[in-house]
Amino acid sequence: MKIGFIGLGNMGAPMAANLAKTHDVTGFDTIAKPDGIRLASSATATAKDADVVITMLPNGDILRAVANEIHPAMKQGAIHLDCSTVDVESARAVATQAENHDLQAIDAPVSGGIGGATNGTLTFMAGGPEDAFAKVKPLFDIMGQKAVHCGPAGNGQAAKICNNMILGVTMIATCEAFVLADKLGLDRQAMFDVVSTSSGYSWSMNAYCPAPGIGPQSPADNGYKPGFAADLMLKDLNLSQIAAEAANADTPMGEAARDLYAQFVEQEDGKGQDFSAMLRRFEKRSRT
Ligand code: NAD
């Protein structure tokens with residue numbers, strides 16, 4: 001398969017490098033010039049002969065701008081596979097525009113972070129036509145370990161932001177419960193042993209425990225170096241609230257989590273830290 005890859009940043013570069021081991025890959029990025037990937041001079045040059053064009057970009061506005069540029073240049077029947085995390089509306093608008101150019105589009109945001117991108121162990125949540133999903137499935141199998149088809153265009157983004165809204169809320173709940181336990185004189189290990197095997201268990205507690213030295217290895221054991229950065233959690237929580245407003249869904253916990261991560265990242269010391277460093281925030285505070 002001939003693949004064009006646009007957006008060769010932290011995630012895109014290792015994903016493109018994995019594909020280049022078995023496919024003909026040409027890449028483009030406005031700034032990044034990673035080694036080991038054949039580079040083209042523009043997004044259009046990358047896209048014009050490709051069977052599949054993959055984009056891995058920062059946000060929906062940039063995705064829309066790149067789509068405007070490349071769709072008219074792409075081969076009829078080619079697939080635009082967007083793996084960025086963007087708002088549902090941008091994903092759906094790009095898919096409609098692709099159809100108007102006789103192209104197919106799949107939105108397939110990922111979870112797994114830079115480690116997953118490097119090791120080829122990402123999870124893809126995909127929206128778009130079933131036959132296009134089947135055509136790009138072999139690429140998902142190279143870049144990741146799991147790909148779930150979630151329905152029509154935009155549903156990959158919908159799945160991602162719903163998952164991450166749960167994650168943001170449960171991480172905050174886990175952190176505040178640890179600090180309450182501290183103040184009640186409950187040992188953290190005892191707290192973990194009970195909660196991780198009781199009805200309060202969650203991925204945040206069991207697999208990614210925010211308390212250092214407790215549970216399996218996690219960013220808490222590495223000075224809260226990300227991992228999954230608080231800034232990216234804030235991005236996803238913002239997207240969840242944009243989607244909730246557009247769909248008229250009542251999401252008070254998601255909104256509270258967004259507000260707390262905004263405060264943590266924008267006004268406190270959360271920027272650049274793992275999202276589980278929220279524990280340290282609660283440790284420093286009291287009720288009054
Ligand atoms: P990044 O900022 O490292 O990479 C984005 C790249 O896009 C940059 O190299 C930038 O120069 C390039 N770019 C911007 N505008 C462009 C344009 N018009 N044409 C070509 N290239 C352009 O970001 P990242 O960490 O690689 O994340 C990419 C996407 O993946 C984001 O949507 C992010 O939310 C999502 N994501 C990231 C992670 C993570 O852990 N980093 C995890 C899951 C999902």
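## Packing, sheet pairing and ligand contacts in a predicted model

Apart from residues up to four places away in sequence, Thr55 touches Ile6, Leu63, Val66, His80, Leu81, Asp82, Cys83 and Ser84, a contact being heavy atoms within 4.5 Å. The model is predicted: local features need pLDDT of at least 70 and side-chain atom pairs count only at pLDDT 80 or more, whereas totals for chains, interfaces and linings use all residues. Residues are numbered from 1 along each chain as its sequence is written, and side-chain values use heavy atoms, with hydrogens and water left out.

Thr55 belongs to strand 4; helices (H or I, at least four residues) and strands (E, at least two) are DSSP runs, numbered from the N terminus. The relative accessible area of Thr55 is 0%, so Thr55 is buried. Buried means under 20% relative accessible area, exposed over 50% and partly exposed in between, with a 1.4 Å probe and protein chains only. The Thr55 side chain also makes a polar contact of 2.7 Å with the side chain of Asp82. A polar contact is a pair of N or O atoms within 3.5 Å; within protein, one must be able to donate a hydrogen and the other to accept it, and residues adjacent in sequence count only if both atoms are side-chain atoms.

Helix 3 (residues 60–70) has as its buried residues Gly60, Leu63, Val66, Ala67 and Ile70. Viewed down the axis of helix 3, these residues fall within an arc of 125 degrees, so they line one face of the helix; the arc is that of the directions from the helix axis to the C-beta atoms. An α-helix has 3.6 residues a turn, so residues three or four places apart point the same way. The buried residues of helix 3 pack against strand 1 (2–6), helix 2 (43–47), strand 4 (52–55), strand 5 (79–82) and helix 4 (88–100). At the start of helix 3, a side-chain oxygen of Asn59 comes to within 3.1 Å of the backbone nitrogen of Asp61.

The ligand is surrounded by 23 residues, and the closest are Asn10, Met11, Asp29, Leu57 and Lys235; a residue is near a molecule if one of its heavy atoms lies within 4 Å of it.

| Residue | Backbone atom to ligand oxygen |
|---|---|
| Asn10 | 2.9 Å |
| Leu57 | 2.8 Å |
| Thr85 | 3.0 Å |

Taken alone, the ligand exposes 830 Å², and the protein buries 82% of that. Accessible areas come from the Shrake-Rupley method with a 1.4 Å probe; for residues, only the protein chains shown count as cover.

An open sheet of 3 strands runs in the order 7-8-9 with mixed pairing, two strands being paired if DSSP finds at least two bridges between them. Strand 7 (110–111) and strand 9 (144–149) stand at the edges, each with a single partner strand, so one side of each is left without a neighbour in the sheet. Strand 8 (residues 122–126) pairs with strand 9 in the parallel sense over 5 bridges. Met125 has Val148 in strand 9 as its bridge partner.

Some backbone features lie in loops. A cis peptide bond, with omega about 15 degrees, joins Pro226 and Gly227, and Gly227 is in the loop between helix 9 (203–206) and helix 10 (230–247). Tyr224 lies in the loop between helix 9 and helix 10; Tyr224 has a positive phi near 65 degrees without being a glycine, and counts as buried at 4% relative accessibility. Asn248, in the loop between helix 10 and helix 11 (252–266), has a positive phi of about 55 degrees although it is not a glycine. Asn248 is exposed, with a relative accessible area of 72%.
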